[in-house]
Amino acid sequence: MGVFVCDLGFSSAKWMYEERQGRIISAFRYDGDNLIVGEEALLSSGSSYLKTMEELVRFYPEFVGHSVKEAKVEGMISLAVGLPYSYWQDQNKPGGAVPSLAKALTGALITDVAIFPQGLGGLRDYLDNVEERPEGNVLGIDIGFNTIIFTLFSPQKKQIIYGKTLNKRGVHQMATSYLLPRIKDLAPSGTFTPVEISFLIEKGYLQYGFDRHDVRKEINEAGIAYIEHIIRDVQGELQAHVGMHADFDRVLLFGGGAALLKGEFPAKNIEVIVMPAPEFANARGFRSLAGGK
C-alpha cells in the first residue's frame, strides 16, 4: 500500500504519489452544488481562496479528493498531510482539529491518516539527504503564502527546540511590501487578489494585451530583501523565547516563498541553503515520516 501526500497551504496543495507530483491552486468556487477548485476556479468569476485555519481544515478533504483524482490513484493508500506548526501543536489533542481532520479524511481509498507539523517535513527532507548529521542546530524556515513557520531543530538530540507560526507573513506580504513597489509602473497596487499575486510570482511576468513584461529580476530582488528581514525577525523571536539555546549553524529555506530565489542566497556568517524544489520539501519529508519512499 502506497503513501499519498497532500500538503495544503494557502496558495496551493502539493501532492506526491509514487513518482508523480503536482500542485492545485488553493482557489475555489461553487457552481451550484459542485465545488470547483484550482486554476479553473481562479480564472473564473466569483472565485474565493483560503483565508483562515478554519477554512484550511474545512476544505482539506476537498483538496485531498481532487489531488487523489488528479494523481489517478488506484487501490488503498495511506495519507500524510500537514498543518502549520503552532496550530498543529495547539490542536493536537482530544477534540481538537487534528484528530477531527484525521477522521474527516479517512474513508473510501484512505485507510489511515498521519498529520504532521509543517516545517518539520522540510527538516526531515534535508536530514534524509545530508551526508553527515550536523553537529549544531538547524533553523528551518518554511515560507508559505500568508504564514512563515520557523523550527529550530537539534539533529543530535533529534528534537524540536522551538517553533512558531508567524501569521500574515510570507509570499503575500513579500509581494505587497517588496515586489509591487518595484513594479508599480506596470501593476498598480490593489489590482490583484492574494492568490492572483501568487500566480503572478509563479509565472514571472505580467501581460496586458500584446505586451508582456518580464519581472523575474524584480521578484528575485524582492525575495532576497524580504527573507533577510524575516531572518532578523526570527532571530529576535528565538532570543526572546530560547535565549542562549537560540544558536544555529545553518538555515534551511523551503516552501513556495523559497522558490522565488534563483541560485544561492547571499549570507556572511551562517550557511543558508535553499532546498531543491523547495515547494515540495515538506511533502517529501511527510512521505519519509510516514514510511513512504
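Q118 is placed in strand β8. Strands (E, at least two residues) and helices (H or I, at least four) are DSSP runs, numbered from the N terminus. The model is predicted: local features need pLDDT of at least 70, side-chain atom pairs count only at pLDDT 80 or more, and totals for chains, interfaces and linings use all residues. Residues are numbered from 1 along each chain as its sequence is written, and side-chain values use heavy atoms, with hydrogens and water left out.

Q118 has a relative accessible area of 7% and is therefore buried. Buried means under 20% relative accessible area, exposed over 50%, and partly exposed in between (1.4 Å probe, protein chains only). The side chains of Q118 and D7 are joined by a polar contact of 2.8 Å. Such a contact is a pair of N or O atoms within 3.5 Å; within protein, one must be able to donate a hydrogen and the other to accept it, and residues adjacent in sequence count only if both atoms are side-chain atoms. Beyond its neighbours within four places in sequence, Q118 has contacts (heavy atoms within 4.5 Å) that include D7, L8, Y85, D142, N282 and F286.

Helix α4 spans residues 97–105, and A97, V98, L101, A102 and L105 in this helix are buried. They cover an arc of only 135 degrees around the axis, so they lie on the same side of α4. The arc is that of the directions from the helix axis to the C-beta atoms. The buried residues of α4 pack against α2 (53–71), β7 (77–84), α3 (85–91) and β8 (110–118). Just after α4, G107 has a positive phi of about 135 degrees.

Rings of Phe, Tyr and Trp (its six-membered ring) pair if their centres lie within 6.5 Å; planes under 30 degrees apart count as stacked, over 60 as edge-to-face and the rest as tilted. Six aromatic pairs are counted by this rule. The rings of F4 and W15 are stacked, because their centres are 6.2 Å apart and their planes stand at 10 degrees. This pair links distant parts of the chain: F4 is in strand β1 (residues 2–8) and W15 in strand β2 (residues 12–17), eleven residues apart. Both F4 and W15 are buried. The F150 and Y162 rings have centres 6.1 Å apart and planes at 45 degrees, so this pair is tilted. Ring pairs also link F4, W15 and Y17 into a cluster.
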